Amino acid sequence: MDSKAFDVVTFDIGGTLLYSDPSPAEIYATHLSRLGREVRPEEVGPVFAEAWADMQRRTAPGRDRYSSVAGGERAWWGEFVREVLVRLEHTAPWESLLDSLYRAFSEDSVWRTYPHALETLDGLAARGVKLAVISNWDRRLPRILRGLDLEDRFDVVTVSSLAGVEKPAAEIFTRTLDRLGVAADRALHVGDSPLEDYSGAENAGLAAVLIDRRGAFSEQPYWRIAGLAEVLELVG
């Protein structure tokens, strides 16, 4: 796809604009070790990924995962924590682990912006391009963005748990564009998931670009970028 002028650029958050430092595996290992036998991030990492994939499969694509569990967000995360404990054969009390992890990931201090994120957002805004977030996240995201001085950079922040619908459903994209007053063919979405971000955006009528920092999808027919600075080159 050639570069073209866009009136709005929408961004995914996790893996696109933000990452956690320490990593999720490191954070989980720290809190697990405080509540039972010591575990290393290298042990937690694969288990975390397997449990995450399993929890994802329990909800149909596009359905809000948090409302799929009686008790909402905390209950969903409770199920995830129990999955991790079972797979690790760890005896930490799940309620205490959930409480400590929920607090840890609520802190904006564990979240970092990827290189060139701020420059890209500011550069787009300087060109008069509207900016939005479309993220499959829970209700903590707006406060995290506010703590990182990011919230005010966006005209609209759409969070799946608050919207009641997730990517790749077209509805979460069209709702965001409706709030912005911009047609889909004037919008570009940037994200790191081929299904949720790329296919979801295209199915809703937006242009899509996949951020692929490690070249994992180099053999796939996606419009790809290796870093956020390239977004400025795509927007006229």
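## Tour of a predicted model

Select Glu50: at 44% relative accessibility, Glu50 counts as partly exposed (buried is under 20% relative accessible area, exposed over 50%, partly exposed in between, with a 1.4 Å probe and protein chains only). The model is predicted, so local features need pLDDT of at least 70 and side-chain atom pairs count only at pLDDT 80 or more, while totals for chains, interfaces and linings use all residues. Residues are numbered from 1 along each chain as its sequence is written, and side-chain values use heavy atoms, leaving out hydrogens and water.

**Salt bridges**

Arg87 lies in helix H3 (residues 72-88) and Glu50 in helix H2 (residues 41-57), so the pair ties together parts that are 37 residues apart in sequence. A salt bridge here is a side-chain nitrogen of Lys or Arg within 4 Å of a carboxyl oxygen of Asp or Glu; helices (H or I, at least four residues) and strands (E, at least two) are DSSP runs, numbered from the N terminus.

Next, select Arg224 and Asp212, another salt bridge (3.0 Å, N to O). Arg224 is in strand S8 and Asp212 in the loop between strand S7 (207-211) and S8, so the pair ties together parts 12 residues apart in sequence. Arg224 is partly exposed at 30%, whereas Asp212 is buried at 5%.

**The sheet**

Show the strands: 6 of them form an open sheet with parallel pairing, in the order S5-S4-S1-S6-S7-S8. Strands S5 (156-159) and S8 (224-225) stand at the edges with a single partner strand each, so one side of each has no neighbour in the sheet. Two strands pair if DSSP finds at least two bridges between them; S4 (residues 130-135) and S5 are joined by 4. Select Ser135 to find Val159 of S5 opposite.

**Helix H8**

Now select residues 170-180, helix H8, which lies across S1 (8-11), S4, S5 and S6 (187-191). Which residues of H8 are buried? They are Ile172, Phe173, Thr176, Leu177 and Leu180. They cover an arc of only 130° around the axis, which puts them on the same side of H8 (the arc is that of the directions from the helix axis to the C-beta atoms). On the other side, Asp178 and Arg179 are exposed. End at Gly181, which follows H8 and has a positive phi, near 70°.

How values were computed: Contact = heavy atoms within 4.5 Å. Axes fitted to C-alpha atoms, helices over the stretch in contact; angles between N-to-C directions.
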